[in-house]
Amino acid sequence: MIQKCVCLVFLVVLFITTILSLDCNLLNVHLRRVTWQNLRLLSSMSNSFPVECLRENKAFELPQEILSSTQPVKRDIKEVFYEISMQAFNIFSQDTFKSTWEQKHLKQIQMGLHQQVEYLEQCLEEEENENDWEKMEEDEMEHSGAAVPQLGNLELKRYFNRIKNFLKDKKYSRCAWEIIRMEIRRCFHYFQKFTELLGKK
Amino acid sequence: MCVCVYVYSVCLIFFLVAFIGGKNLKSPQNVEVYIMDDNFILKWNWSNDSVRNVTFSVDYQIQKMDKWNKLPGCQYITSTKCNFSSLKLNVYEEIKLRVRAEKGNDTSSWHEVDSFIPFQKAQIGPPEVHLEAEDKAIIVNISPPGTKDSVMWAQDSLSFTYSIDFWNSSNVERRTETTVYPRYKISELSPETTYCLKVRARLRLQRKVGVYSPVYCVNTTVENKLPPPENIEIEARSQSYVLKWNYTSVNVTFQAQWLHAYIRKFPRNLSDQWKQIPGCENVKTTQCVFPQNTFPRGIYFLRVQASNGNNVSLWSEEKKFDTKLQRNSSKTWLIAGICTALISIPVVIFAVKGLWKCIKYVFFPSFKPSGIDECFSEQPFKNLLLSTSEEQIESCFIIENTDTVAIVEETKDIDEDHKTYTSQSSQDSGNYSNEDENSEIRTSEVFEQETV
């Protein structure tokens, strides 16, 4: 009889944990779809890349090694993707490009990128403990103000900083925006392909 | 003679330099860098108070430079700290600093600070807070840490999450709420009460928690005559959405508005960004219907307001609405799923067990009476294919029933001993399908003894 009970409890626990983790997995499905939508949107914002902008093109050096160098942990990948999505959202939320694209497209890409950010935020939050803030504070105290260095994250920050500076240097010209659009599309595409490859392994 | 004077003067100069000058001037100690938002401060200790009129100078070097440069604002200063915020650095690149003491022409050796990356070293400063009071809620407007054109958080101002600690002045009960949006409504408060709060920001990925803002206090207002609508729900139908809410009093009309969720990420006034939902203006019922194509794919916020001609209620809670997820409805489904699962698990286990026992009887028929064979070959097998629990129980009863029927048929051509045996086994199988394992073992033992 005891054995039966133990067995039952085990099954129930197993079932509940699967259901609870379902939320984030469910989000992942939506996330994938939203990302592909955003990629399509980034492609369709202009009919084609303006030829006259070609000579202004610049290598922004997407830090590909942050994903491929070490065996990436699931959470790290999520964090990297969160950073990419957030930075892209940040860039497309600047008020300085009103004339470059149609207002309709702009709104769509802002909405889409925000959706990406939102899903990732929910997902990361679900994985965090409730007392995480306190833990983080302790961590910080131990490291006397300097948080645990996250090199990958910093590389991404630098990459998006190069993009931001490029826009500023080019005075937010139409060509600069077109180049940035292509660059962010490339970044998303690379990331999406990479995670798909990872999923197949 | 000439040589002697020369040697003498060299000796004197050396002596003077060694005694008064550089070699005796110690370099500054405990040099540390403090960065909060866009404020960069370098501090150090100077123990040789006896030496008067000492000044300090700082050099810096960034990765691309192969030379040390003078740090602007930190040359020949008399204090033991220096603010170098004016230097527009790339906060993601490594920087090195060094300090030395100077007196006249003499200088100490350099004290070099470990190289660091400003963004990693920086602390998140206190956010600026502006409060609005309602009767049962406080709206907290948060400006992200740093100035408006902050370089340090330029790429992170939208990534901040905020935690709000608040408490009622008359009682010590405290609550903490977190938000990813810079405008947050603390609800379920009491009217005409003083509440105080403080806010701090954090960056999730950087594992950075900021400094608390000062404490802000505010009084909630007198209770409004018309309460706001409650329990806002949205439901998807085939071609339309139904927005529902609860409201107690009658003779009230409602209106509902929507807002793009992404706009809430920006710290700006949103009052003119809310738009009317078509079909939800001056509604007399506590629900309104609008076509699904009103909202293209995305995340929105919805809110409802009541009015009765003279009075207007405050806006309801802002309900998040995701066209893709319909998160709320999916959550209720999830809960429903868990409940049904919990109920069905024992039933399924029971059914599987019953099934297993039946199968055991069919395929491993040790000392089985002939009556059981017949019963299984006919009716029960059809039922076994159906896996619902009720059917299983039924099939077990059938075993019992058909068995007794079979006994009646067979008693005619078998001897007395066998008769008792079959009648006993029929009892056994009845007990058995009622799931009493012990009795099964016991009776089968009895049965074995008897056959021997």
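Helices, in runs of at least four residues (H or I), and strands, in runs of at least two (E), are DSSP runs numbered from the N terminus. The structure described here is a predicted model, and it contains a chain A of 201 residues and a chain B of 452 residues. Chain A is built with 7 helices and 0 strands, whereas chain B has 8 helices and 23 strands. For the complex, the predictor reports an ipTM of 0.81 and a pTM of 0.71.

**Chain A: overall build**

- From the N terminus on, the elements of chain A follow the order α-α-α-α-α-α-α.
- Of the 201 residues of chain A, 48% count as buried.
- The accessible surface of chain A amounts to about 10,800 Å², and carbon and sulfur atoms contribute 57% of that surface.
- Among the contacts in chain A with a separation of 6 or more, 89% are made by residues 24 or more positions apart.

**Chain B: overall build**

- Of the 452 residues of chain B, 43% count as buried.
- Chain B has an accessible surface of about 25,200 Å², and 53% of this surface belongs to carbon and sulfur atoms.
- If one takes the contacts in chain B between residues at least 6 apart in sequence, 62% of them join residues at least 24 apart.

**Disulfides and cysteines**

- Over all chains, the count comes to 4 disulfides.
- In chain A, Cys53(A) is joined to Cys175(A) by a disulfide, with an S to S distance of 1.9 Å. The torsion about the S-S bond of Cys53(A) and Cys175(A) is -80°, and this link is left-handed. Cys53(A) lies in the loop between helix 1 (2-44) and helix 2 (65-68) of chain A, and Cys175(A) lies in helix 7 (residues 174-200) of chain A, so the pair ties together parts that are 122 residues apart in sequence. Cys53(A) and Cys175(A) are both buried.
- In chain B, a disulfide connects Cys74(B) and Cys82(B), with an S to S distance of 1.7 Å. Buried means under 20% relative accessible area. Cys74(B) has a relative accessibility of 0%, so Cys74(B) counts as buried. Cys82(B) counts as buried because its relative accessibility is 4%.
- Another disulfide of chain B links Cys280(B) to Cys288(B), with an S to S distance of 2.1 Å. The torsion about the S-S bond of Cys280(B) and Cys288(B) is about 90°, so this disulfide is right-handed. Cys288(B) is buried, with a relative accessible area of 3%, and Cys280(B) is buried, with a relative accessible area of 1%.
- With bonded cysteines counted along the chain, the disulfides of chain B follow the pattern 1-2, 3-4, 5-6. In chain A, by contrast, Cys187(A) takes part in no disulfide, and the nearest cysteine sulfur, that of Cys123(A), is 19 Å away. Cys187(A) has a relative accessible area of 2% and is buried.

**Annotated domains and a hairpin in chain B**

- An unreviewed UniProt entry places the feature "domain: Fibronectin type-III" at residues 123-224 and 228-326 of chain B.
- Over residues 123-224 of chain B, the chain is 45% strand and 0% helix. The end C-alpha atoms of residues 123-224 are 42 Å apart.
- Strand 17 (residues 230-236) of chain B pairs with strand 18 (residues 240-246) of chain B in the antiparallel sense, over 5 bridges. Strand 17 and strand 18 of chain B form a hairpin with 3 residues between them.
- Within this pairing, Ile234(B) stands opposite Leu243(B) in strand 18 of chain B.

**Confidence in chain B**

- The average pLDDT of chain B is 77, and 71% of its residues score at least 70.
- Residues 10-22 of chain B stay under 50 in pLDDT, and the model has 9 contacts beyond four places in sequence for them. Residues 368-452 of chain B also have a pLDDT below 50, and this stretch has 77 contacts in the model beyond near neighbours in sequence.
- Where pLDDT is low, the predicted coordinates should not be read in detail.

How values were computed: Residues are numbered from 1 along each chain as its sequence is written. Chains are lettered from A and ligands numbered from 1 in the order in which they are written. This is a predicted model: local features need pLDDT of at least 70, side-chain atom pairs count only at pLDDT 80 or more; totals for chains, interfaces and linings use all residues. Side-chain values use heavy atoms; hydrogens and water are left out. Buried means under 20% relative accessible area, exposed over 50%, partly exposed in between (1.4 Å probe, protein chains only). Contact means heavy atoms within 4.5 Å. Accessible areas come from the Shrake-Rupley method with a 1.4 Å probe; for residues, only the protein chains shown count as cover. A disulfide is a pair of cysteine sulfur atoms within 2.5 Å. UniProt positions are given in the numbering used here, feature names are shortened, and annotations may be inferred rather than shown by experiment. Two strands pair if DSSP finds at least two bridges between them. pLDDT is the predictor's confidence in each residue, from 0 to 100.
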